[in-house]
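I opened my notebook on this structure and went looking for confidence, helix packing and a strand arrangement. Here is what I wrote down along the way.

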Amino acid sequence: MQVNRVLKSLVIAVGAAIAFSSVHAADMTGAGATFPYPIYAKWAESYKKATGNGLNYQSIGSGGGIKQIKAKTVDFGASDMPLKAEDLDAEGLTQFPAIIGGVVPVVNIEGIAPGKMKMTGDVIAGIYMGKITKWNAAEITALNPGLKLPAEDITVVHRSDGSGTTFLWTDYLSKVNAEFKTVVGSSTAVKWPVGLGGKGNEGVAASVKQIKNSIGYVEYAYVKKNKMTYTQLKNLDGQFAEPDDENFKSAAAGADWLKTPGMGVVLTNQPGKATWPITGASFILMHKAQADAEKGKEVLKFFDWAFKNGGAMATELEYVSLPPAVIKLIEDSWKAKLKDASGKALW
């Protein structure tokens with residue numbers, strides 16, 4: 001009897017282990033951009049409920065995501081800076097956009113309410129180069145005649161990690177200020193002349209919230225989540241725009257995904273009266289030759305599900321879903337480029 005009970009317990013234990021293994025066998029791993037993390041987390045939670053399959057996404061910054069997908073330690077990488085076609089080819093990678101959002105200047109100044117302060121790219125570039133150092137500087141007060149601005153030093157906060165959010169921020173500032181382009185330049189990581197570093201959108205948001213008279217830049221979902229004070233920003237058409245999903249959508253309206261190599265469209269400083277000037281897409285990076293075909297298929301199923309079912313969640317967090325025509329281009333590219341070990345198409 002004792003032996004039978006032991007054997008029965010072993011059978012149950014082994015069965016449970018197999019069941020646990022099968023539940024988690026299709027779980028995906030991804031790493032990279034903090035910009036889309038709020039929506040990926042929301043999608044992952046809903047996808048798990050719908051399918052039983054999970055996503056473990058590490059919000060470590062675009063630079064980290066690019067490194068991890070190149071090292072093949074994750075099923076997909078995520079970057080807000082699209083890789084160039086030659087870099088994709090050299091690493092055997094393909095990329096596609098997954099979501100669109102906006103990078104937003106945020107400040108912590110007593111008495112200033114969200115959306116009441118006006119800024120231009122030139123002024124922000126001057127602040128981030130250390131040339132404009134006081135909140136009551138003439139360049140800022142000229143834009144905000146009705147605001148009471150303190151005669152206090154500006155504390156600049158930037159990203160300390162390799163970041164697609166930094167790429168979008170510096171790409172925009174380089175487009176509107178020639179000196180910034182020369183002195184600082186545009187990349188996921190730059191040598192900042194002044195300021196304090198924060199890790200991830202989370203770190204920058206936390207620093208700006210804690211430090212009085214500071215300025216930083218974060219993806220808009222973090223602004224909403226943390227109830228931060230954002231500024232208006234003058235766009236290419238000379239209008240002061242506010243960040244929201246409609247104005248991000250306006251920036252993406254003229255994007256030519258088909259003719260851009262690797263679909264690597266950069267959406268900063270686009271025309272349009274309502275356009276938010278620091279808009280960007282976040283991209284997914286995958287190896288063309290998938291060593292684990294089942295994991296590769298599950299990643300595609302996840303994004304296919306998100307494209308078809310995740311629109312309301314994206315809008316709730318002030319992201320912009322991709323248009324149906326762009327989704328078709330993406331899924332056509334999956335069929336053409338993503339293969340299993342035998343060369344058979346995954347999708």
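**Entry 1: confidence.** I began with pLDDT, the predictor's confidence in each residue, on a scale from 0 to 100. I needed that because this is a predicted model. I looked up the chain average and found a mean pLDDT of 92, with 93% of the residues reaching 70 or more.

**Entry 2: α12 and α14.** Next came helix pairs. Two packed helices are described by the angle between their axes and the distance between the axes, so I noted both values for each pair. Helix α12 covers residues 293-309 and helix α14 covers residues 324-337. I read an angle of about 170° between them, with the axes 12 Å apart. Angles over 145 degrees count as roughly antiparallel, and that makes α12 roughly antiparallel to α14. I put the crossing down as left-handed.

Which residues make the contact between α12 and α14? From α12 I listed Leu-300, Phe-303, Asp-304 and Phe-307. From α14 I listed Ile-327, Ile-330, Glu-331 and Trp-334. Sorted by class, the contact of α12 with α14 has six nonpolar residues, two charged ones and no polar ones.

**Entry 3: α5 and α7.** I then turned to helix α5 (residues 121-128) and helix α7 (residues 164-176). Their axes come within 9 Å and cross at roughly 115°. The range for roughly perpendicular is 65 to 115 degrees, and α5 and α7 are therefore described that way. I noted a left-handed crossing for α5 and α7 as well.

On the α5 side, I found Gly-121, Asp-122, Ile-124, Ala-125 and Tyr-128. They meet Trp-169, Tyr-172, Leu-173 and Val-176 of α7. My class tally for the contact of α5 with α7 reads seven nonpolar, one polar and one charged.

**Entry 4: a sheet.** Last, I looked at strands. I found an open sheet of three strands in the order β5-β10-β11, with mixed pairing. Which strands stand at the edges? They are β5 (118-119) and β11 (240-241), each with a single partner strand, so one side of each is left without a neighbour in the sheet.

I followed strand β10 (residues 232-234) to β11 and found that they run antiparallel, joined by two bridges. I also looked up Lys-234, whose bridge partner in β11 is Phe-240.

Note on methods: Residues numbered from 1 in each chain as written. Predicted model: local features only at pLDDT ≥ 70, side-chain atom pairs only at ≥ 80, totals over all residues. Heavy atoms only, no water. Axes fitted to C-alpha atoms, helices over the stretch in contact; angles between N-to-C directions. Helix = DSSP H or I, 4+ residues; strand = E, 2+ residues; numbered from the N terminus. Parallel < 35°, antiparallel > 145°, perpendicular 65-115°, else oblique. Left-handed = near helix turned anticlockwise from the far one by under 90°. Contact = heavy atoms within 4.5 Å. Nonpolar A, V, L, I, M, F, W, Y, C, P; charged D, E, K, R; others polar. Pairing = 2+ DSSP bridges.
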